[in-house]
Each structure stands twice: as C-alpha cells, then as structure tokens.
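Subject: Structure for you to look at

Hello,

Here is the structure I said I would pass on. My notes on what was found in it follow below.

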Amino acid sequence: MSDVFIAFQANEESRPVIDAIVADNPHAVLSHPTGLVKVNAPNALTIRRETIEGLIGRSFDLQQIHVNLVTISGYIDEDDDQLTLSWKH
Amino acid sequence: MDTRVTSKKLGLKERYAAMTRGLGWETTYQPMDKVFPYDKYEGIKIHDWDKWQDPFRLTMEAYWKYQGEKEKKLYAVIEAFAQNNGQLGVTDARYINALKIFIQGVTPLEYYAHRGFAHVGRQFTGEGARVAAQMQSVDELRHYQTETHAISHYNKHFNGMHHSNHWFDRVWYLSVPKSFFEDACTGGPFEFLTAVSFSFEYVLTNLLFVPFMSGAANNGDMSTVTFGFSAQSDESRHMTLGIECIKFLLEQDPDNVPIVQRWIDKWFWRGYRLLSIVAMMQDYMLPKRVMSWKEAWEMYAEESGGALFKDLARYGIREPAGWKQACEGKAHISHQTWNAFYNYNAAAPIHTWVPSDEELNWLSEKYPESFDQYYRPRLEHFREQQQAGNRFYSKTLPMLCNTCQIPMIFTEEGDASQICYRESDYKAYKYHFCSDHCKSIFDHEPEKYVQSWLPVHQVYQGNCFKPGTDPTAEGFDPLMAVLDFYEMNVGRDNFDFEGSEDQKNFAAWKGDTK
Amino acid sequence: MSVVALAPYEFEPRDVRENFPAPLIYIGWDQHQLFCAPICLPLPPGTPFGALGAAVLPGIYGFHPDFAKIDWTKVQWFKSGQPWTPDPAKSLADNGLQHKDAIRFRTPGLSGIQGSFS
Amino acid sequence: MNIDLQAREITPLRNTYDHVARHIGGDKVASRYQEATFGAQPMVNFHYRPTWDPGHELFDAGRSKIVLADWYVLKDPRQFYYATWTMTRAKQQDAMESNFQFVEQRGMLSMMSDALRDKTLEILMPLRHAAWGANMNNASICAYGFGTAFTAPAMFHAMDNLGVAQYLTRLGLAMGDAQTLDEGKQRWLEAPAWQGLRRLVEDSFVVQDPFELFVAQNLLIDGLLYPLVYGAFVDDHVALQGGTAVAMLTNFMPEWHDESARWIDAVVKAAATESEANRALLREWSRHWVDRAQAALAPIARLALGDQGEAVLNEAREQLQTRLDKAGLKA
C-alpha cells in the first residue's frame, strides 16, 4: 500500500481544511515542512465539505482549496461534496 | 409559466461537462482531420475522447475568482517587499545566486509551457483535454510573469539577472533547459503532454519547487516564497492533468503502452538531467540549508515516484529506464554540477565559491558515501589555490553531451572515479553522450538531435561573436568576444563571489564594513 | 529507429565538418575531475600528436599538481573507449583522428588531489 | 532594534531588465505590463524543428504574411498582464454573479413570455458553439503567433471566449435544462439559418496565418456578431419586451466586446502603420472576411429581428467600417 498526500500553505485559511481532513481521516499523518502543512495517508484520503462547514460555521465551496493548495499525489475524484485522493491498486 | 418546472440542479461533473465538452461538435464543412491535423501522427490511438476525466473541474467563473484572489495576495507581498527593501533580509548575498538560476533557467521554461499548452490546447480533438491544456497555458503565462515581477526587485540591486532572456537563447548552460523544453514543444501533442504534464509536472516538479521555496523561506526571501507557493497551487492542477492524461492514454488502447513507456523513459531522464542544476543550487547556494538534494530526492522521487509506478504497473508500465541510475546519482550530481560552474565561472553570469568549513562539514555529513572521498579534497585544493591568488578558471570549452547538452561531467554508475563516455555513429559522424539514456534518446530520433545547437560547437563555428567581430585580428580574445556576444558585464556578472560587486554592495547596505 | 513526424523530417547536421575551421577533437584526462569534463578543441589535422602533451595540454591542465608529474611515455590512451596507441611523431590525421573523435588518457600512478580522482 | 537609516539609502543598480529596456527606450522604470511582456519570447537559436511543422522554427514570424521589424509594436492598450486580466475578470464575474442571484431570486426568467424565451434560446444557444470556435482560434493565434505582445492577450482572449460560452451555457441552464443546450447544438448543426455561420467558423479553423485568423475572428466575425446579438437583439429587442433578465445575464459580453475592441483595433492599426504591404494585406483580408461574416449573419439577423434584421446588420457593418477606417484600413 502506498501513501497519498496533499499539502497546503500553512496559513489561517488552510486551518479548517486541515482540521477537517484530520477529523475525517484518522490514519492521516501531519508534517510541517517549511511554510507548509503536509498530510500523508495510506492509500486514500477524503476532504468533506460538510466537515469544513461544521468547523467554520458557514458555507464552503470545495474549490476554494485551490487558493492554498501546494501539491498532491494520487488520483483525484471530486464532486460538490467531497474530494478524494487515492491509489487504485 | 408553471409548465416550466425548475430542473434539478446539475452536479459538478454534469455541469462541467456542459461547460466544456458540450461545446464542441464534429465539423462537416471542413474535415475533422484538417481541423485537428496534429493528434494522429504519433501513433497514439484514441477511440473515445469522452473517457477523458477532467482534472479539477474549474469553470472560467471559478478560475477568475480564485486566481484573482491569489494574484491580489501575491502582488501585495511583492509590493511590500520592494517598498521595504526586503532583499536586505536574506541570509547572505550568496543566496541571490539561487534566484539568478531561477530567472535565467526556470522562468523561460514557464514561457515555453505557456505556448506549448496553447498549441495542444488548440490541437487535441477532445474538448475536455483542450480546456485543461488552455487553462494550463494561461497559468504558465502567469508563472512567467509573476516570477519576472517578483525577481524584478532583485534585478535592480544585484547582478546576473539583467539580461536573463537574452542569455537563455545563447549562454552555454542555458541550452540545457532551452533544448529540454524545445524538445518537448517540437514533439507531437501527446508526447508534449507526457513530457511536461506527466514526467515533469507529476513526477519531478516537487523537486524543483519545494527545494527552491523552502530554500527561500529558510533564507529570508519572502517574495520568492510567496510567488513559489502561489505558482505551486496551480501546479497541483497541472499534476492532476499529468496523471489523468497518462491514465487516459494507457486505457484507450494497448498499442499506446509501448509508445508511452518510451516517452516516460526519455522524459524522466531528460527531466532528471535538467534537475542537476537544482541539486547544485540546493546543496551549494543556500547559506542556510534545508535538506540535501539527496534527501529531497528520496522524499519526493523515490517515495512518491515509487508509489506511482507501482500503481501504473497494472497497465504494463514499469518505472523509467533510468530510474536506478538516477537514484544512484543522488550522491554525486550536485557536486559534479557545482564543479562545472566553478570551472567555467568566467563564462557564467552567476557567482560560485568554495563553501565554508562549516558548509563542507554539512556536506560530509549529508553525503557520507561520496563527499569526503571524491569531492571535498578538490574544493579544499581550490580554496588553497585561491588564497594563494590562483583562483582556477577553465578557459577551454568543454565537451557536451549531444542530448542533454550538459558538459560531460557525470560518472559511471557505481564508479565515481570515471567519467561516463558513450557514443553513436550516425551517417558520417560521431555523436557523444553522458550516459546510456542520453545515447538511447539520440539513437531513437537521430534526425532530431543532429540539429542540437550545441553552444560549444557554435562558438567554434564562429556563430557566437557579435557582427563585425574579426577573429583574425591581432590580440583577438575569443572568450571576451563570446562574453560580449552574451552581453554579460564582465567582472560584475561573472567570476567568484569573493570580491564580487554583489558581495560588496550587500555588505555596505547592511552596514557591515568588515 | 527514426523520428516520427507529420512531414519529411531530415536536416543537415548542425555540426558537419565544413562548418568548422578545423576538425573538433575531444580530450579527457581520466581520474582528474578537478577539470569537470573532457574538453573540446578544433585542431588542425596536421598537428603532430606529440604536440598535445608538449604544447596543447599544458595550458589547459597545467593548474593540476599532477600534470607536471606526467611521464608521457607511460600514458595510456583510449579512443572511443578502446585502448589505443598513437604515434606521437605522426599527425592527428595520420593517427586516424577525425572530426568529433573522442580520446582520453590515463596517467598511471597519478590519481588526483589526495587520491580523490580529482 | 536599532535601524540605521543611513545604511538603508540604497540606490538601484538598474531599473529593469535589459530585454525590457530595449523596448522602452532605455533603462527606465518599467511598468508591470512592460516587464511581463517585452522580450518574453525566446527569439533565436532554436534547437529542433517541430515534428508537426518541419517547415518552420518553433516560434517563427514567417507563419504570417504580415511583416514587422519588431513584433513588440503590437501593444495592448489595456496593458493586460495575467494579474490585471484575471482581477478585471474576477470583478466582472462578481457583478455577473450578483446578476444571476438577483434574477434567480426574483424568478425574473419565468416572467418572460414563452415566445420571448423561445426566441432568446433559439438565438443564443447556438452561439455557445460560435464562442467555442473563437476560443479555438485565439488559442491558435497564441500558439503560432510571434512575440508575446501579440500572443499573450490572444490567450486571455481565448479564455474570455470560453467564459462567454460558459455564461451562455449557464443562461441556458437557468432558462431550461440540459436539453435546452442540446436543442441549441442541434440548430447549430442542422438548422439552415445557422449553416452559413457554422461554415464560416469551420473555415476559419483551417486558416494557417495567425494574423489573418486574428483579423477574421476577432475583428470581423465578432465585430459584426457582438453588436448584432448583444446590442441589437438582447439589449434593444429582448430587454424591451420583458427580457431584462437576459440582458443582465449576458451583461459581460457587450462590456467585454467594447473593452477588447480597443486591443484588436490597436493591433491592426500598428500592423497597418508599419508598411503599405501590410496595409494592403489587411484590407484584402478585411474585405474577404467581412463579406463572408455579413452573409453568414444575415439569416440569423432575420431570425432574431425579423424584417429589421437586414437594416440592423447593415448598421453594424457601417459601425465596423468606422473601426476599420480608424485603424487605417479605409476602403
């Protein structure tokens, strides 16, 4: 099994996104390379809109993550409610 | 009116499909093959463009919105940086050389990518692929422009940046990135995508941006950190395009697999060679170090590349042919490349130097298997000679690899004592290479690489002197004539950092009079 | 193998012999990577081979402390990677050297700064 | 912290890059537009010929019959570089978003009569594809044109064209559903009134000269189509009959057309000013493409505006001729 990862700029806007990832993906591992927050997870990782909205108390468009996204690995599956990164095999 | 029931809101995927692929049509007044003449000849078979998975479904509305937001933030930082003379905050003027490498060798590549993606963004028959490519085209233009703007302030205060684009078309080491990207842009549209989106953006881009950006962050360069991360946020979209396109090509027809495999072999190796300069920057140009090239390679290439190729195995794709050699090279290439610039620093608009003892110790620690044995003794010898007033500059032009165009500095796999020489005969002539993989790239498409504009050969052909130069005149100095052709400021842009104008100015601005 | 192109794709090589005032010869000194790479020189074909060690290379490699110690009678030459015995009295051309040939030499007993192959 | 102001008096060594300075008359403080644009394109010493076009260099001014000593004379009066372009569009998009909200919250579209709604969709939906054609052509201009001053705004324009196609799509979905879009496409493909325009657009796809394509698409086809459709049809016709909502939801288009016309006219004028040969060529292209555009749009004008259609189109042509005259292409 391989890791997928996603990294964001370490700033205030990324915080709820990271918190939501941690809440929804108990196997995720955080690291903090200079200026970044990087989340690794074995095989798959999901970002859920609802969880983020619960954290910030307002609506959130998942595409907003583009503003602070730095890098990813894995295949992406995205709709209005969630974004999943995964390796298929 | 109530006959019109409000239809169910379309989901992201359907909405996006209506916004992109729904726009195209099969032409009938002009044959499709004439409207899209370029995406068949490479031999790639596409049966159903609708199977193309759109990477990140951004409509123009969302694109403008988020990109506008990013730009607002970025330019606020660039402006504040200039107003506050942010360049004074960097650790040391030696650091600026990393930026020189960037503006000279990386920024023009963004430009090529911009034009290359405009080309494939026009030429793919599938609308989804076209839109993704067009968006990347305009993103890459963004990168060219934001980098040019961010580094503009440095250019006002340091040498080695003022004629970057002119140098890109002429100076010896810049033919390495130039030929790399021209090779990609002159290939067919699918090869371009495999080269740039997959091999470069997906497999290797983290090794370009992350070292530069964390290097900048650690060395007090806020401006570069900001443009770097801002550009990188587009990069993740581009990486997604890279992996989706590979998956698409491989799933469309089994006959595509060997073609794509060959491209992956070729472009992984060309990209790896191109990154030699990043390796050198990372190990030698950052006064405050982050991680070694070797560590970055292990983290971003070996780990995530390993996962990727394991995944692609189900299509019959194996890891790139040069993978093992590239992994072996991680202990050597930064040192070998630095030596090339140290040798030829008279003809390069950057500064080089011998690292301090503390820095040499760091390198010994990071490279226990190679540094003390092969590289430290010569650096200490150079230092000794320099202190005795005998700084070494090579004045004889080097032999270049005909494919990657880097001087023949690389050693045999498993034997760092021996330079690696390979050659091929093609029609009446010999062609020389730094490695098996550069040789096999040539052997596969000799008609392409016999055109290489090799800077060393061009000098000897007399094509690198300004019009009106008379090489037969008494006292003719070919090196000076070439530097004149380059439009370098001799004595300001080139030579050792020690004693340079950059060094003196920075010290004066900092009030450091020692 | 051959390039795949949409239209005939054949160009005169950019580095044909006629484009240079003299043939190019590449020369490398093994195990002395203080000099980062082999060098490239246009050398008139009539140049005696022995002039390389006597006249051409000193200006190029003289910086290295090993250079003065070279015993030119013991130097081992390679051409295109194969051991090769040139005749120092004969010209480059008569030794069979042509445009874009690569030769390199080993200097037994000399292995660079502190034996580092540099 | 003790800041020594004396030490911070820093005089720059230079004001801009040399490759910018040579286009702005020496080393002066350069604008962002100038630094983003001038000297950006690699110019010489190309390594390999394109395998898709071995007859040319990768970037080759010879792809066009227009001859310019310096392609950087083709400046964009809007001085767009990526940041100003995208921030301008983001602002326009904000306004469009408000319009969509305003219209949707008040159910304004359902207040339109069926006839007006049908007419609106009949005209606007096929134009999604025309805008998409314009997108392809501008990507071509960017890819095969010469010099960043000319090619960079073309890529912005290509993305703008895509934006237009997407605004029309969104309008179609707001007024109908996915089938509405399909019906529009059917008309584009089959309805006799649309075939002239479709043929014209498809013919433009095979134009090889990037400057001719620029003139054909941006100056002449769109120069007639936008005033006809968004001026005469939407603003003057649909809006007055209770379709203000449609005008609001297409507000971007006429605004954008007026803005980008300044760029298009400036480029044509600069090329014409360079030489009589250029001017003659531009005249010839203009004559050819404007006649074709007018012929192609005539049935659509009739469809949209009935008997007035022809007069309105003639008027649009006259206005376009005024633009051509000002650009130095007086017939």
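How many residues of chain B are in contact with chain D, and how many of chain D with chain B? The answer is 72 residues of chain B and 70 residues of chain D. Please keep in mind that this is a predicted model.

Contacts between chains

Four pairs of chains touch, and the pair B and D has the most contacts among them. On the chain B side of that contact, at least two residues each come from helix 1, helix 2 (32-35), helix 3, helix 4 (96-123), helix 5 (127-157), helix 6 (164-168) and helix 7 (175-186) of chain B. Helix 5 of chain B has the largest share, 14 residues. Sorted by class, the side of chain B that touches chain D holds 31 polar, 23 nonpolar and 18 charged residues.

Chain B also meets chain A, in a contact that takes 31 residues from chain B and 23 residues from chain A. Two or more residues of the chain B side are given by each of helix 1 (12-19), helix 3 (60-83), helix 8 (189-218), helix 9 (222-252) and helix 12 (293-312) of chain B. Helix 9 of chain B gives the most, nine residues. The classes on the side of chain B that touches chain A are 14 nonpolar, nine polar and eight charged.

Two pairs are not joined by any contact. The closest C-alpha atoms of chain A and chain D lie 14 Å apart, with no contact between these chains. For chain A and chain C, again without a contact, the closest C-alpha atoms are 31 Å apart.

Chain B by itself

Chain B has 21 helices and four strands. Its C-alpha trace spans about 90 × 60 × 50 Å along the principal axes. A compact globule of 514 residues would have a radius of gyration near 24 Å, and the 24 Å of chain B agrees with that. Of the 514 residues in chain B, 62% are buried. Among contacts in chain B with a separation of 6 or more, 77% are between residues 24 or more positions apart.

A helix pair in chain D

Helix 4 (residues 114-144) and helix 7 (residues 192-205) of chain D pack with their axes 10 Å apart, at an angle of about 15°. The two helices of chain D are therefore roughly parallel to each other, as angles under 35 degrees count as such. Helix 4 of chain D passes helix 7 of chain D in a left-handed crossing. From helix 4 of chain D the contact uses D:Pro126, D:Ala130, D:Gly133, D:Met136 and D:Asn137, and from helix 7 of chain D it uses D:Trp194, D:Leu197, D:Val201, D:Ser204 and D:Phe205. Seven of the residues in this contact between helix 4 and helix 7 of chain D are nonpolar, three are polar and none is charged.

One residue in chain A

A:Ala28 sits in the loop between helix 1 (15-24) and strand 2 (29-31) of chain A. Is A:Ala28 buried or exposed? A:Ala28 counts as buried because it has 20 C-beta neighbours inside 10 Å. Leaving aside neighbours within four places in sequence, A:Ala28 is in contact with A:Ile21, A:Val22, A:Val39, A:Asn40, A:Ala41 and A:Leu45. Of these residues, A:Asn40 is 12 residues from A:Ala28 along the chain, and the C-alpha atoms of the two are separated by 5.6 Å.

Regards

Conventions. Residues are numbered from 1 along each chain as its sequence is written. Chains are lettered from A and ligands numbered from 1 in the order in which they are written. This is a predicted model: local features need pLDDT of at least 70, side-chain atom pairs count only at pLDDT 80 or more; totals for chains, interfaces and linings use all residues. Axes are lines fitted to C-alpha atoms, for helices over the stretch in contact, and angles run from 0 to 180 degrees between N-to-C directions. Angles under 35 degrees count as roughly parallel, over 145 as roughly antiparallel, 65 to 115 as roughly perpendicular and the rest as oblique. A crossing is left-handed if the near helix is turned anticlockwise from the far one by less than a right angle, and right-handed if clockwise. Two residues are in contact if their C-beta atoms, placed from the backbone, lie within 7 Å. Ala, Val, Leu, Ile, Met, Phe, Trp, Tyr, Cys and Pro count as nonpolar, Asp, Glu, Lys and Arg as charged, and the others, Gly among them, as polar. The radius of gyration is taken over C-alpha atoms; the globule rule is 2.2 Å times the number of residues to the power 0.38. A residue is buried if 20 or more other C-beta atoms lie within 10 Å of its own, exposed if 12 or fewer, and partly exposed in between; C-beta atoms are placed from the backbone.
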